[in-house]
Amino acid sequence: MHEYSIVQALLERATAEAQGRGASYVVSLRVRLGELSGVDADLLAKAFDTFRERSVCDGATLAIVRSPAVYRCPRCGERIERGAILRCTSCAVPARLVEGDELVLERIEMEVPDV
Amino acid sequence: MCETCGCGDPKLVPVDVHERILEGNDRTARHNRRHFEEDRVFAINLMGSPGSGKTALLEATAGALRTPGRRLGAISGDLATDRDAERLRRAGIPSLSITTGQACHLDAEMIHEALHGAPWKELDYLFIENVGNLVCPAVYDLGQRANVVALSVTEGVDKPLKYPVMFRKADLVVVTKIDLLPHLEDVSVAEIEDALARVMPSPKLIALSARTGEGMGAWTRWLEATADAGRGNDVASASGGPHEVGP
(Lines give C-alpha, C1' and ligand atoms only; values in the text may rest on other atoms or scores of the structure.)
Protein backbone atom coordinates (compact mmCIF):
# COMPACT_ATOMS: atom_id res chain seq x y z
CA MET A 1 0.00 0.00 0.00
CA HIS A 2 2.79 2.41 0.89
CA GLU A 3 5.10 0.71 -1.59
CA TYR A 4 4.25 3.57 -3.97
CA SER A 5 5.82 6.12 -1.62
CA ILE A 6 8.90 3.90 -1.26
CA VAL A 7 9.22 3.72 -5.06
CA GLN A 8 8.81 7.48 -5.28
CA ALA A 9 11.69 7.98 -2.84
CA LEU A 10 13.79 5.46 -4.80
CA LEU A 11 13.13 7.17 -8.13
CA GLU A 12 13.94 10.60 -6.68
CA ARG A 13 17.25 9.36 -5.29
CA ALA A 14 18.19 7.57 -8.49
CA THR A 15 17.25 10.61 -10.59
CA ALA A 16 19.38 12.89 -8.41
CA GLU A 17 22.35 10.54 -8.78
CA ALA A 18 21.88 10.26 -12.52
CA GLN A 19 21.61 14.02 -12.94
CA GLY A 20 24.67 14.57 -10.78
CA ARG A 21 26.75 12.33 -13.03
CA GLY A 22 25.20 13.33 -16.33
CA ALA A 23 23.86 9.85 -16.90
CA SER A 24 21.53 9.21 -19.83
CA TYR A 25 19.61 6.59 -17.96
CA VAL A 26 19.68 4.18 -15.05
CA VAL A 27 20.40 0.57 -15.95
CA SER A 28 19.76 -1.10 -12.62
CA LEU A 29 19.07 -0.56 -8.92
CA ARG A 30 19.81 -2.93 -6.07
CA VAL A 31 17.75 -2.66 -2.91
CA ARG A 32 18.00 -4.59 0.37
CA LEU A 33 14.68 -5.38 2.01
CA GLY A 34 14.65 -6.83 5.49
CA GLU A 35 11.93 -9.25 6.54
CA LEU A 36 10.94 -6.74 9.22
CA SER A 37 11.19 -3.62 7.06
CA GLY A 38 7.41 -3.50 6.64
CA VAL A 39 7.75 -3.41 2.85
CA ASP A 40 6.61 -6.26 0.63
CA ALA A 41 9.11 -7.23 -2.07
CA ASP A 42 6.54 -8.29 -4.68
CA LEU A 43 4.45 -5.16 -4.20
CA LEU A 44 7.59 -3.06 -4.37
CA ALA A 45 8.62 -4.71 -7.65
CA LYS A 46 5.15 -4.17 -9.12
CA ALA A 47 5.05 -0.54 -8.00
CA PHE A 48 8.49 0.01 -9.49
CA ASP A 49 7.42 -1.42 -12.85
CA THR A 50 4.45 0.90 -12.88
CA PHE A 51 6.05 4.13 -11.75
CA ARG A 52 9.45 3.99 -13.43
CA GLU A 53 7.91 4.83 -16.79
CA ARG A 54 8.88 8.20 -18.21
CA SER A 55 11.55 8.61 -15.56
CA VAL A 56 15.28 8.16 -15.96
CA CYS A 57 14.68 4.69 -14.53
CA ASP A 58 12.39 3.66 -17.37
CA GLY A 59 13.59 0.19 -18.37
CA ALA A 60 15.88 -0.17 -15.34
CA THR A 61 15.93 -3.50 -13.55
CA LEU A 62 15.28 -3.61 -9.83
CA ALA A 63 17.16 -6.29 -7.91
CA ILE A 64 15.74 -6.94 -4.44
CA VAL A 65 17.97 -8.66 -1.92
CA ARG A 66 16.03 -10.00 1.03
CA SER A 67 17.41 -10.18 4.55
CA PRO A 68 15.84 -12.57 7.02
CA ALA A 69 15.13 -11.42 10.58
CA VAL A 70 17.90 -12.59 12.92
CA TYR A 71 17.67 -12.03 16.65
CA ARG A 72 20.70 -12.73 18.83
CA CYS A 73 21.60 -12.35 22.47
CA PRO A 74 23.74 -9.20 22.79
CA ARG A 75 25.80 -10.91 25.47
CA CYS A 76 26.56 -14.45 24.31
CA GLY A 77 25.64 -14.11 20.63
CA GLU A 78 23.27 -17.07 20.74
CA ARG A 79 20.65 -16.95 18.02
CA ILE A 80 17.04 -16.87 19.18
CA GLU A 81 14.83 -19.32 17.32
CA ARG A 82 12.06 -17.93 15.13
CA GLY A 83 8.82 -17.76 17.10
CA ALA A 84 10.51 -18.12 20.47
CA ILE A 85 10.34 -15.58 23.24
CA LEU A 86 12.84 -12.86 22.39
CA ARG A 87 14.96 -13.26 25.46
CA CYS A 88 18.18 -15.20 25.94
CA THR A 89 17.43 -18.01 28.37
CA SER A 90 21.05 -18.26 29.49
CA CYS A 91 21.79 -14.56 30.00
CA ALA A 92 18.24 -13.39 30.83
CA VAL A 93 18.53 -10.31 28.61
CA PRO A 94 16.35 -9.12 25.72
CA ALA A 95 17.45 -10.27 22.28
CA ARG A 96 18.66 -7.77 19.71
CA LEU A 97 17.79 -7.69 16.00
CA VAL A 98 21.11 -7.93 14.18
CA GLU A 99 19.68 -8.21 10.68
CA GLY A 100 16.32 -7.93 8.99
CA ASP A 101 14.87 -4.41 9.14
CA GLU A 102 16.81 -2.90 6.26
CA LEU A 103 15.16 -0.65 3.70
CA VAL A 104 18.29 0.36 1.82
CA LEU A 105 19.25 1.44 -1.68
CA GLU A 106 22.57 -0.32 -2.04
CA ARG A 107 23.69 0.31 -5.58
CA ILE A 108 22.81 2.15 -8.80
CA GLU A 109 24.23 1.41 -12.24
CA MET A 110 23.94 4.15 -14.81
CA GLU A 111 24.88 4.67 -18.39
CA VAL A 112 27.00 7.79 -18.74
CA PRO A 113 27.94 9.10 -22.20
CA ASP A 114 31.70 9.06 -22.70
CA VAL A 115 32.64 12.60 -23.61
CA MET B 1 32.40 7.14 -31.98
CA CYS B 2 35.70 5.51 -32.86
CA GLU B 3 35.19 2.06 -34.36
CA THR B 4 38.64 0.77 -33.49
CA CYS B 5 38.78 1.09 -29.73
CA GLY B 6 35.20 2.07 -28.88
CA CYS B 7 36.20 5.37 -27.27
CA GLY B 8 33.22 7.64 -27.12
CA ASP B 9 31.03 4.65 -26.17
CA PRO B 10 28.81 5.27 -23.19
CA LYS B 11 30.16 3.85 -19.90
CA LEU B 12 28.35 1.78 -17.37
CA VAL B 13 28.94 3.51 -14.04
CA PRO B 14 28.17 1.61 -10.83
CA VAL B 15 27.65 3.66 -7.67
CA ASP B 16 27.59 2.20 -4.17
CA VAL B 17 24.93 4.16 -2.34
CA HIS B 18 24.04 2.27 0.88
CA GLU B 19 21.44 4.78 2.01
CA ARG B 20 18.11 4.25 3.68
CA ILE B 21 15.41 4.70 1.05
CA LEU B 22 13.37 6.75 3.52
CA GLU B 23 16.27 9.04 4.44
CA GLY B 24 14.18 12.00 3.24
CA ASN B 25 11.41 11.15 5.69
CA ASP B 26 13.95 10.38 8.41
CA ARG B 27 15.61 13.76 7.98
CA THR B 28 12.29 15.54 8.49
CA ALA B 29 11.54 13.25 11.43
CA ARG B 30 14.84 14.19 13.09
CA HIS B 31 13.98 17.84 12.55
CA ASN B 32 10.57 17.34 14.19
CA ARG B 33 12.18 15.40 17.04
CA ARG B 34 14.68 18.17 17.72
CA HIS B 35 11.88 20.72 17.93
CA PHE B 36 9.84 18.57 20.30
CA GLU B 37 12.86 17.99 22.54
CA GLU B 38 13.87 21.63 22.62
CA ASP B 39 10.37 22.70 23.58
CA ARG B 40 9.78 19.75 25.92
CA VAL B 41 6.73 18.45 24.13
CA PHE B 42 6.16 14.75 24.66
CA ALA B 43 5.15 13.56 21.22
CA ILE B 44 3.50 10.16 21.04
CA ASN B 45 2.76 8.21 17.84
CA LEU B 46 -0.43 6.31 18.66
CA MET B 47 -1.05 3.44 16.25
CA GLY B 48 -3.37 0.47 16.02
CA SER B 49 -6.02 -1.21 13.87
CA PRO B 50 -9.19 0.64 12.95
CA GLY B 51 -11.45 0.10 15.96
CA SER B 52 -8.62 -0.64 18.40
CA GLY B 53 -9.82 2.20 20.62
CA LYS B 54 -7.25 4.91 19.92
CA THR B 55 -9.70 7.83 19.94
CA ALA B 56 -11.57 6.56 23.00
CA LEU B 57 -8.27 6.17 24.83
CA LEU B 58 -7.36 9.78 24.11
CA GLU B 59 -10.83 11.02 25.11
CA ALA B 60 -10.44 9.27 28.46
CA THR B 61 -6.86 10.50 28.83
CA ALA B 62 -8.02 14.11 28.52
CA GLY B 63 -10.09 13.70 31.67
CA ALA B 64 -7.39 11.78 33.53
CA LEU B 65 -4.68 14.38 32.92
CA ARG B 66 -6.87 17.36 33.70
CA THR B 67 -6.04 17.22 37.40
CA PRO B 68 -2.32 17.80 37.08
CA GLY B 69 -3.22 20.55 34.60
CA ARG B 70 -1.42 19.15 31.63
CA ARG B 71 -1.84 20.77 28.23
CA LEU B 72 -2.78 18.20 25.63
CA GLY B 73 -2.94 18.55 21.89
CA ALA B 74 -3.50 16.09 19.11
CA ILE B 75 -3.04 15.54 15.44
CA SER B 76 -5.56 13.08 14.06
CA GLY B 77 -4.84 11.31 10.81
CA ASP B 78 -7.57 9.68 8.80
CA LEU B 79 -8.24 8.81 5.18
CA ALA B 80 -11.47 10.77 5.12
CA THR B 81 -13.46 12.95 7.55
CA ASP B 82 -12.17 14.72 10.60
CA ARG B 83 -14.51 12.89 12.97
CA ASP B 84 -11.68 11.72 15.20
CA ALA B 85 -10.31 15.25 15.56
CA GLU B 86 -13.86 16.47 16.32
CA ARG B 87 -14.31 13.89 19.09
CA LEU B 88 -11.02 14.91 20.64
CA ARG B 89 -11.93 18.59 20.53
CA ARG B 90 -15.21 17.81 22.28
CA ALA B 91 -13.21 15.97 24.92
CA GLY B 92 -11.10 19.07 25.48
CA ILE B 93 -8.05 18.22 23.40
CA PRO B 94 -7.32 20.86 20.75
CA SER B 95 -6.79 18.84 17.59
CA LEU B 96 -5.54 19.31 14.12
CA SER B 97 -6.80 16.94 11.51
CA ILE B 98 -4.85 15.49 8.61
CA THR B 99 -7.04 13.94 5.96
CA THR B 100 -4.64 11.75 4.04
CA GLY B 101 -6.87 10.82 1.13
CA GLN B 102 -5.40 7.54 -0.06
CA ALA B 103 -2.25 7.48 2.05
CA CYS B 104 -2.41 4.65 4.58
CA HIS B 105 -0.03 6.27 7.04
CA LEU B 106 1.23 9.60 8.29
CA ASP B 107 4.75 10.71 7.48
CA ALA B 108 7.13 13.25 8.97
CA GLU B 109 6.42 15.89 6.35
CA MET B 110 2.68 15.76 7.03
CA ILE B 111 3.36 16.34 10.73
CA HIS B 112 5.77 19.15 9.97
CA GLU B 113 3.19 20.82 7.70
CA ALA B 114 0.33 20.38 10.14
CA LEU B 115 2.25 21.97 13.00
CA HIS B 116 3.38 24.95 10.99
CA GLY B 117 1.81 28.01 12.53
CA ALA B 118 0.05 26.03 15.27
CA PRO B 119 0.87 26.78 18.95
CA TRP B 120 2.28 23.31 19.63
CA LYS B 121 5.22 24.58 21.70
CA GLU B 122 2.91 25.25 24.64
CA LEU B 123 1.85 21.63 24.87
CA ASP B 124 3.01 19.10 27.42
CA TYR B 125 1.66 16.21 25.34
CA LEU B 126 1.15 15.94 21.60
CA PHE B 127 -0.75 12.79 20.69
CA ILE B 128 -0.42 11.89 17.04
CA GLU B 129 -3.29 9.56 16.30
CA ASN B 130 -2.07 7.70 13.24
CA VAL B 131 -4.25 6.17 10.55
CA GLY B 132 -5.90 2.93 11.70
CA ASN B 133 -3.60 0.36 10.15
CA LEU B 134 -1.18 -2.21 11.58
CA VAL B 135 1.13 -2.31 8.57
CA CYS B 136 2.20 1.00 7.05
CA PRO B 137 2.48 3.48 9.95
CA ALA B 138 5.28 1.49 11.60
CA VAL B 139 7.54 2.21 8.64
CA TYR B 140 7.53 6.01 8.96
CA ASP B 141 9.33 7.86 11.71
CA LEU B 142 7.41 11.03 12.55
CA GLY B 143 9.82 12.45 15.12
CA GLN B 144 7.89 11.06 18.07
CA ARG B 145 9.50 10.21 21.39
CA ALA B 146 7.38 7.14 21.93
CA ASN B 147 5.39 4.66 19.86
CA VAL B 148 2.24 3.43 21.59
CA VAL B 149 0.23 0.68 19.92
CA ALA B 150 -3.40 0.16 20.92
CA LEU B 151 -4.61 -3.44 20.69
CA SER B 152 -8.20 -4.28 21.54
CA VAL B 153 -9.04 -7.58 23.28
CA THR B 154 -11.64 -8.03 20.52
CA GLU B 155 -8.80 -8.48 18.01
CA GLY B 156 -7.81 -11.83 19.47
CA VAL B 157 -4.48 -12.96 20.84
CA ASP B 158 -2.41 -13.52 17.70
CA LYS B 159 -2.27 -10.02 16.23
CA PRO B 160 1.29 -9.44 17.51
CA LEU B 161 2.50 -12.58 15.72
CA LYS B 162 0.85 -11.46 12.50
CA TYR B 163 2.20 -7.92 12.63
CA PRO B 164 5.69 -8.17 14.09
CA VAL B 165 6.92 -5.01 12.35
CA MET B 166 4.40 -2.86 14.21
CA PHE B 167 4.67 -4.48 17.61
CA ARG B 168 8.44 -4.58 17.51
CA LYS B 169 8.46 -0.80 17.19
CA ALA B 170 6.15 -0.28 20.17
CA ASP B 171 7.54 1.29 23.34
CA LEU B 172 4.24 0.40 24.98
CA VAL B 173 1.27 -1.70 23.97
CA VAL B 174 -2.05 -0.61 25.45
CA VAL B 175 -4.49 -3.50 25.55
CA THR B 176 -7.89 -1.83 25.34
CA LYS B 177 -11.54 -2.70 26.05
CA ILE B 178 -10.75 -5.12 28.88
CA ASP B 179 -14.29 -4.58 30.12
CA LEU B 180 -15.30 -6.91 27.26
CA LEU B 181 -13.12 -9.82 28.44
CA PRO B 182 -16.01 -11.66 30.14
CA HIS B 183 -17.60 -12.00 26.67
CA LEU B 184 -14.44 -13.29 25.00
CA GLU B 185 -13.80 -16.90 25.97
CA ASP B 186 -10.64 -17.35 23.96
CA VAL B 187 -8.86 -14.18 24.97
CA SER B 188 -6.76 -13.41 28.00
CA VAL B 189 -4.27 -10.66 28.66
CA ALA B 190 -1.70 -13.32 29.58
CA GLU B 191 -1.95 -14.86 26.10
CA ILE B 192 -1.60 -11.46 24.47
CA GLU B 193 1.45 -10.82 26.59
CA ASP B 194 2.95 -14.15 25.53
CA ALA B 195 2.44 -13.27 21.86
CA LEU B 196 4.04 -9.86 22.41
CA ALA B 197 7.09 -11.46 24.02
CA ARG B 198 7.72 -13.32 20.77
CA VAL B 199 7.91 -10.14 18.67
CA MET B 200 9.06 -7.51 21.19
CA PRO B 201 12.38 -8.08 22.93
CA SER B 202 11.31 -5.93 25.90
CA PRO B 203 7.54 -6.27 25.97
CA LYS B 204 5.71 -3.62 27.91
CA LEU B 205 1.95 -3.56 28.17
CA ILE B 206 -0.80 -1.86 30.12
CA ALA B 207 -4.29 -3.36 30.02
CA LEU B 208 -7.16 -0.96 30.48
CA SER B 209 -10.71 0.06 29.72
CA ALA B 210 -11.32 3.64 28.62
CA ARG B 211 -14.99 3.08 29.37
CA THR B 212 -14.80 1.85 32.97
CA GLY B 213 -11.51 3.51 33.89
CA GLU B 214 -9.84 0.29 34.98
CA GLY B 215 -6.11 0.49 34.22
CA MET B 216 -6.22 4.19 33.30
CA GLY B 217 -4.12 5.01 36.36
CA ALA B 218 -1.25 2.86 35.15
CA TRP B 219 -1.49 4.53 31.74
CA THR B 220 -1.39 8.08 33.09
CA ARG B 221 1.45 7.13 35.45
CA TRP B 222 3.42 5.79 32.47
CA LEU B 223 2.71 8.98 30.53
CA GLU B 224 3.77 11.27 33.36
CA ALA B 225 6.88 9.27 34.22
CA THR B 226 7.99 9.01 30.60
CA ALA B 227 7.29 12.70 30.00
CA ASP B 228 9.30 13.60 33.10
CA ALA B 229 12.18 11.37 32.10
CA GLY B 230 12.24 13.14 28.76
CA ARG B 231 12.46 16.51 30.44
CA GLY B 232 15.47 15.25 32.36
CA ASN B 233 13.71 15.35 35.70
CA ASP B 234 14.60 12.99 38.48
CA VAL B 235 11.81 10.49 38.81
CA ALA B 236 11.29 7.00 40.13
CA SER B 237 10.49 4.59 37.31
CA ALA B 238 6.83 4.07 36.43
CA SER B 239 5.13 1.60 38.74
CA GLY B 240 5.70 -2.10 38.35
CA GLY B 241 7.39 -4.26 35.80
CA PRO B 242 6.49 -4.97 32.23
CA HIS B 243 2.87 -5.87 32.83
CA GLU B 244 0.26 -3.91 34.70
CA VAL B 245 -3.42 -4.39 35.18
CA GLY B 246 -5.57 -2.28 37.43
CA PRO B 247 -5.72 1.34 38.57
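Student: Is B:R198 buried, exposed or partly exposed?

Tutor: Keep in mind that this is a predicted model. B:R198 has a relative accessible area of 27%, so B:R198 is partly exposed. Buried would need a value under 20%.

Student: Which side chain does B:R198 meet in a salt bridge?

Tutor: Start with the general idea. Side chains of opposite charge can pair when their charged atoms come close. Here B:R198 meets B:D194, at 2.9 Å from N to O. B:D194 is partly exposed too, at 34%.

Student: How many salt bridges are there over all chains?

Tutor: A search of the whole structure finds 23. One of them joins A:E106 and A:R32, at 2.8 Å. A:E106 lies in strand 5 of chain A and A:R32 in strand 1, so the pair ties together parts 74 residues apart in sequence. A:E106 is buried, at 7%. A:R32 is partly exposed, at 24%.

Student: Which residues are linked in a network of salt bridges?

Tutor: A:R13, A:E17, A:R21 and B:E19 are.

Student: Now the nonpolar side chains. Which residues have the most contacts inside the largest nonpolar core?

Tutor: The general idea again. In soluble globular proteins, nonpolar side chains tend to be buried together. The largest core here has 32 residues, and A:V26, A:L29 and A:C57 have the most contacts inside it. Helix 1 of chain A gives the largest share, seven residues.

Student: What does A:C57 touch?

Tutor: Its contacts include A:L11, A:A14, A:V26 and A:F48, leaving aside residues up to four places away in sequence.

Technical notes
Residues numbered from 1 in each chain as written. Chains lettered and ligands numbered in written order. Predicted model: local features only at pLDDT ≥ 70, side-chain atom pairs only at ≥ 80, totals over all residues. Heavy atoms only, no water. Core = buried A, V, L, I, M, F, W, Y, C linked by side-chain atoms within 4.5 Å. Buried < 20%, exposed > 50% of the residue type's maximum accessible area, 1.4 Å probe, protein only. Helix = DSSP H or I, 4+ residues; strand = E, 2+ residues; numbered from the N terminus. Contact = heavy atoms within 4.5 Å. Salt bridge = Lys/Arg side-chain N within 4 Å of Asp/Glu carboxyl O.
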